[in-house]
Amino acid sequence: MDAEAIAAAVIEVGFHDLTFASVADKLGVGQATLYRHASNRDELVRLGLDKALRSAVWPDVEGEWRPLLERWAVAAWRLWEQHPGAVLELTRGVVPWSIVMLSDQVGAALVERGFTARAAVLAVDLVFDLTADSRRGVEILDAPMAAQAGKVREILEKQWRTPSSDRADSVAAQVHHEMISAITAEPFDWFQGKLRIVLAGIEQELAEDGRQADDETTRTTRTTGTHR
């Protein structure tokens, strides 16, 4: 038994049902044996997340920066969708090294396209945080509500379906209606809408930093006669 076998067992068990006992059973060993290879549940999670990330088919880093970032965001969304519970573990702070390496890869691609290193890191952080947070929200909304029959999303929808006390043509009533639409929207479509806004902000605020840096370098070159 090695780390790769443990990681595969974690993936098979699934992150929602992950316990030492379930992984040990999947491997056909006692829990004491498993403890010699992974000291706590977080280590099991880290091994499983790392394998999920390494096994995923990630997009290339070719072409313009905006479709590149969008491809990677969608790929990350699909990965978290494929492994329910994984993103909940990630967002509570269990971060495998492989996610750092992937982030570095995308960040370096942005720098090659004119972003400053700082702007590239901000852009990658924004996009992947949005993706993880959106998937986490979906899993929370689709979880059963213990105190009531049904999923959290269904209960919220029923609450929001209560007619607004404001006139139907009022601003408050319009917002109320749009909140219902947000709760009932197809999650991936809603995510893509938010992603477009974030990418537009990156184009306005962060890609501009890269263009300004290039302009400044060009001015310096013209003044001093030096070349990059």
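1. Secondary structure. This is a predicted model. The protein has 12 helices and zero strands. Read from the N terminus, its elements run α-α-α-α-α-α-α-α-α-α-α-α.

2. The protein has 228 residues, and 36% of them count as buried. Take the contacts with a separation of 6 or more: 63% of these join residues 24 or more positions apart.

3. The largest nonpolar core. This core holds 55 residues. Val23, Leu44, Leu69, Trp80, Phe115 and Ile202 touch the most other members. At least two core residues come from each of these helices: H1 (3-13), H2 (20-27), H4 (41-55), H5 (65-82), H6 (86-91), H7 (97-112), H8 (117-141) and H11 (187-205). Helix H5 gives the largest share, 10 residues.

4. A closer look at valine 23. Neighbours within four places in sequence are left aside here. Valine 23 is then in contact with Ile6, Ala9, Val10, Val13, Leu18, Leu34 and Leu44. Leu44 is also listed with Val23 among the core residues that touch the most other members.

5. A nonpolar patch on the surface. Val171, Val175 and Met179 form it. Together they have about 270 Å² of accessible area. Valine 175 lies in helix H10, residues 171-184.

Definitions and conventions:
Residues numbered from 1 in each chain as written. Predicted model: local features only at pLDDT ≥ 70, side-chain atom pairs only at ≥ 80, totals over all residues. Heavy atoms only, no water. Patch = residues over 30% accessible without salt bridge, like charges linked within 9 Å, V, L, I, M, F, W, Y side chains within 5 Å. Areas by Shrake-Rupley, 256 points an atom, 1.4 Å probe, with all protein chains shown as cover. Salt bridge = Lys/Arg side-chain N within 4 Å of Asp/Glu carboxyl O. Helix = DSSP H or I, 4+ residues; strand = E, 2+ residues; numbered from the N terminus. Buried < 20%, exposed > 50% of the residue type's maximum accessible area, 1.4 Å probe, protein only. Contact = heavy atoms within 4.5 Å. Core = buried A, V, L, I, M, F, W, Y, C linked by side-chain atoms within 4.5 Å.
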